[in-house]
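I opened my notebook to record what I looked up in this structure, entry by entry. Each entry keeps to one place or one topic.

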Amino acid sequence: MTTFNSRQRKTTSVVGILILLIPIVLLGMPASGRDSGGGGMLAKLRSEHDLGESDLGQIDPTSATMSFVLLGMRGIAVNMLRMDLDDYKDHKEWARMRATTEAVITLQPHYIEVWRFLAWNLAFNVSAEWDAVPDRYYWVKEGGKFSQRGTQRNATIPELTWETGRVWGQKIGMADEWRYFREYFKNDPDTKTFPNGVDPEINPNQIDNYLVAKEWFQKSNDREDNREQHIMMRALFRSQPMRTQLSYADALQRDVRFITADRFRQESSSDEEAEAKAYAARQANFALSRQEWAEGFTEWTTKFGQEEFQTPGGLIRMEADEDVVHELAERQKDQGATEADLRQWIDHYQKTTNYNYWRTRARAEADESTGTSEAHRLIYEGELKLRSGNPEEARQMLVRGMANFARLLEEYPDLRDEDLTVEEAVWGVLLWSKTLELLGESMPATFPLKATWDKYQGLLPELQERYNRGR
Amino acid sequence: MTVQPVSFDLLDGLIQWLVVFAGFVATFTVVALATSIPLYGVSGPKRVISGAMRGLTDFVSISPRRVYAIAMLAFKESIRRKALLVFVVFAGLFMFAGWFMEGDAARPELHLTNLVAFVFLAMTWIVLPVVVLLSCWGLPEDIRLRSLHTVVTKPVRRNEIVLGRMLGFSAVGTLIIVLMAAVGYGWILRHVPKDVAMFCRVPVYGSISFLDRNGNPQEQGINVGDIVMTRSFIEGGSKATAIWHFPISHEVDELKIESRFEAFRTWKGNMDRSLRVRFTLVNDEKDLRVPLPAYEVNEFRYNEVLISRHQEITDEQTLKKSEVDLFKDLLVPFDPQNEVHRKLQGDASAGVLTVHAQCLDRGQYIGLSPGDCFLRLTDRSFAVGYIKATVGLWLECLLLVVIAVTASCFVKFPVAFILTSSIGVVGSFAYGFLLEIVSGKQKGGGAAESVYRLITHMNETTPLPENLFTKSIVAFDKPLVEGLGIVRYVIPDLSHYGTSEWLAKGFDVPWNGVLLPAMAVTFAYFLPCLLLGYFSLRLRELEAK
């Protein structure tokens, strides 16, 4: 029991409030907005560490209002929403799930892992729940767009730009439905909403998905220059734009399988004309692919290869011959770097990033002297001729293709045991043997790629089955 | 909807209610008699009986005029207590809701779902707490301020006070709901994309059974790994079949079957199209099968199949074509002895139609639930569905007012509020959980066992170690769970009141499966609560603060 009367109690309370106000003002006074270093202690710290709302990215008044209205209950509200979100997903209530995703992110606009998880959930998990490919594509886009918004709200975070690049690059380009997704990326299946053929929010220039992804990965690297990322080894992270260029070149080669006469049937007056147009389009695609491999090789070796990475053994570079190792060791001799240590770390990093494989592959694919691109083209066109009942024409193409391939393996011994190269070489010889069967001839004692054919006979059952399936 | 409403048998419900009500009255009487003897000696039972007789008299000679006066008093009091300020919150929410509810141009139909869900969620969370607060507050505040003395000294009976309060607060709730519903309707119309058709489907549901891949009858299909098995799946290119029986009330020129199946691929298959389904109309008695054209599953959306009355079929042996009449040749008469027919909801006076659904893609699966396929009657307008959904919310509001006023008759405001809120929260969100605990299906045991598992980081499926401590925990939980088993009868299942779910998904709110049980539950609570409130107020010491 207190002996104070009512007035004394009120006075004491007022004095207490005033005393408590002093530290609150000192700590929490907001900055005036005119001078960035002004305000209370917390405002100064925010400014010092770029933690202010405006430093993080675009300001969303909705989000700020909600956070303010909920006071300290934001965490509880988010927890409840996340439980709802999982529940809607389990019950396949997609509209509700999507709306709840928005609500969660409204309350947590600067939680990077929340953006990453929710974007991945939409692009990878939800899309897989749908059967029709256009529906799946819609949800992949939802995930990618969501991630894009995350990059605007969090303008300095490299992880979110990387995540966006992953959706546009890997998800669109490497999913089971990649053939459809890559086409949709340039010509959206929702023609009603996107009458111009492309969703401007994700691909305003109507370019390849890998090129869009490359831009996003490059943004990630730009952001990473100023702010550390926490999702993977730095060298792998930094390699992504250049690696995506190589994926683009590779995808152009893969696309050729879907350039058929059917695509040109409507605009052609005869089947022959459609076939000719398809042939020309395939040829153009192979040529473009070769150019992109060349571009990829340049970027891989002169940009990524020249970048320096800090390792326990010292600063290293991927593109490093003995002179470079010597120069690096000389430069860092004060820090105790030795050539042996640097060689070991360079080797470790090259293996981790698969540097040498991509270097050789890109160089080989772009090499005009070996005619690698032409080899791919001839083997594929030979296959088409064989399947369309022209064994003689097929044989001629396949023999030329095999000769080019043999030159490739001669020039690039590292590829002699590389899976994809070996498979294509054996496939070419198998097709050639089929043409011989049809022409009533037997295999000669020597032929291009004989060594590879003899060495990899184990691949034949699988390739024979592929041949029987017709693709 | 993926779940069809469970049919509600009003007569059966009424009989059950009478049994429970009689039990309630009997228990009440026995307890009153038993407690009267130690309190008043041998004259106790006599006092109880005379009290009961007085109560009976009070109820027989109830005055509508006085009830109306009390109700008006409660209504005016509520207005004076600024209950209508809730409209400020409501207006604020609706002004800014658009920020959170960006429409998606590619999926406008999903936008309507979200708009409807938001309007009803906002109304529920604004109206119900306010009305419960007012209802719990009224009587205790009157007792505290002694204004109730003025009332009870007038020729007003206690049951008239309780009833008047219930009606008055219900009127406040009704006013708020009507105004908010009107504003909400306008708001939906303003925000819904122009190309979205607003209507309410009127479905006729059937009963479902399954055949497995070898053609053997099964209760369910296959679970393909879903965490929540809302649909069970049948294998394509096999004998696996989902069989629906639909009640048909009258003959028409054309029937419309609407379905919403899910596709599940075990291998990539043909990516250029979705999985295909075929419906076959079957009359086993006449060995007649009429296959309808196959169609692709338009997943998570509705597929419409129109069946004209006259169907052409080809005999597979003779290749001769013939015509069958849907109603004369394919329907079988309703048989009350047939177990499948007995399960049907709705009028089957014209007969029962059997529809088989099969997936045509080998090795792929389609998922179905009972409510995934229905006969679609002529649509109702969105406004009708909206009004029905609002009636559902209104009934929930009435029920909570009844419980809150009753609680305020025997406890003070804070306790009455906590009690009513708890009943509302458990009834709305945790009734299923409660039933699982009581039935022993919920893994992890009772309260003490749950605390033990939390502290020891023990998974709820892991058996408890065998020792004296865990045995004592289980023994401690047992009476608590049994007590909960009794308490659950007092808590209403408020899941019936979720009428907006139907509207949000483009369906008319069903009368038999949803609105009728909601009405029945509300009125079932009304009389016992009125009695309890009346006797509590009569026994309550009104001088107490």
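**Entry on one leucine.** I began with the surroundings of Leu342(A) in this predicted model, and, leaving aside residues up to four places away in sequence, I found that Leu342(A) touches Gly313(A), Gly314(A), Ile316(A), Val325(A), Leu328(A), Ala329(A) and Ala337(A). I then looked up where Leu342(A) sits, and its place is in helix 15 of chain A, which covers residues 339-353. Is Leu342(A) buried or exposed? I counted 23 C-beta neighbours inside 10 Å, so Leu342(A) counts as buried, since 20 or more are needed for that. I also checked one pair in detail: Leu342(A) and Gly313(A) are 29 residues apart along the chain, yet their C-alpha atoms are separated by 5.7 Å.

**Entry on chain A as a whole.** I noted 21 helices and 2 strands in chain A. For the overall form I compared the radius of gyration with a rule for globules: a compact globule of 471 residues would have a value near 23 Å, but chain A has 30 Å. Along the principal axes, the C-alpha atoms of chain A fill a box of roughly 120 × 65 × 40 Å. Of the 471 residues in chain A, 36% are buried. I also looked at contacts in chain A between residues at least 6 apart in sequence, and 61% of them join residues at least 24 apart.

**Entry on the contact of the two chains.**

**Entry on chain B as a whole.** I turned to chain B and noted 16 helices and 16 strands. The C-alpha atoms of chain B fill a box of roughly 95 × 65 × 50 Å along the principal axes, and buried residues make up 33% of its 545 residues. Among contacts in chain B between residues at least 6 apart in sequence, 78% join residues at least 24 apart.

**Entry on helices 7 and 16 of chain B.** I looked up how helix 7 (residues 158-191) of chain B lies against helix 16 (residues 511-539) of chain B, and their axes come within 8 Å and cross at roughly 130 degrees. The two helices are therefore oblique to each other, and helix 7 of chain B passes helix 16 of chain B in a right-handed crossing. On the helix 7 side I listed Arg158(B), Asn159(B), Ile161(B), Val162(B) and Leu163(B), which meet Leu530(B), Gly533(B), Tyr534(B), Leu537(B) and Arg538(B) in helix 16 of chain B. By class, this contact has 6 nonpolar, 2 polar and 2 charged residues.

**Entry on helices 10 and 11 of chain B.** In helix 10 of chain B, Leu400(B), Ile403(B), Ala404(B), Ala407(B) and Ser408(B) meet residues of helix 11 of chain B, among them Phe413(B), Leu419(B) and Ile423(B). Which classes take part in the contact of helix 10 of chain B with helix 11 of chain B? I found 8 nonpolar, 3 polar and no charged residues there.

Terms used:
Residues are numbered from 1 along each chain as its sequence is written. Chains are lettered from A and ligands numbered from 1 in the order in which they are written. This is a predicted model: local features need pLDDT of at least 70, side-chain atom pairs count only at pLDDT 80 or more; totals for chains, interfaces and linings use all residues. Helices (H or I, at least four residues) and strands (E, at least two) are DSSP runs, numbered from the N terminus. The radius of gyration is taken over C-alpha atoms; the globule rule is 2.2 Å times the number of residues to the power 0.38. A residue is buried if 20 or more other C-beta atoms lie within 10 Å of its own, exposed if 12 or fewer, and partly exposed in between; C-beta atoms are placed from the backbone. Two residues are in contact if their C-beta atoms, placed from the backbone, lie within 7 Å. Axes are lines fitted to C-alpha atoms, for helices over the stretch in contact, and angles run from 0 to 180 degrees between N-to-C directions. Angles under 35 degrees count as roughly parallel, over 145 as roughly antiparallel, 65 to 115 as roughly perpendicular and the rest as oblique. A crossing is left-handed if the near helix is turned anticlockwise from the far one by less than a right angle, and right-handed if clockwise. Ala, Val, Leu, Ile, Met, Phe, Trp, Tyr, Cys and Pro count as nonpolar, Asp, Glu, Lys and Arg as charged, and the others, Gly among them, as polar.
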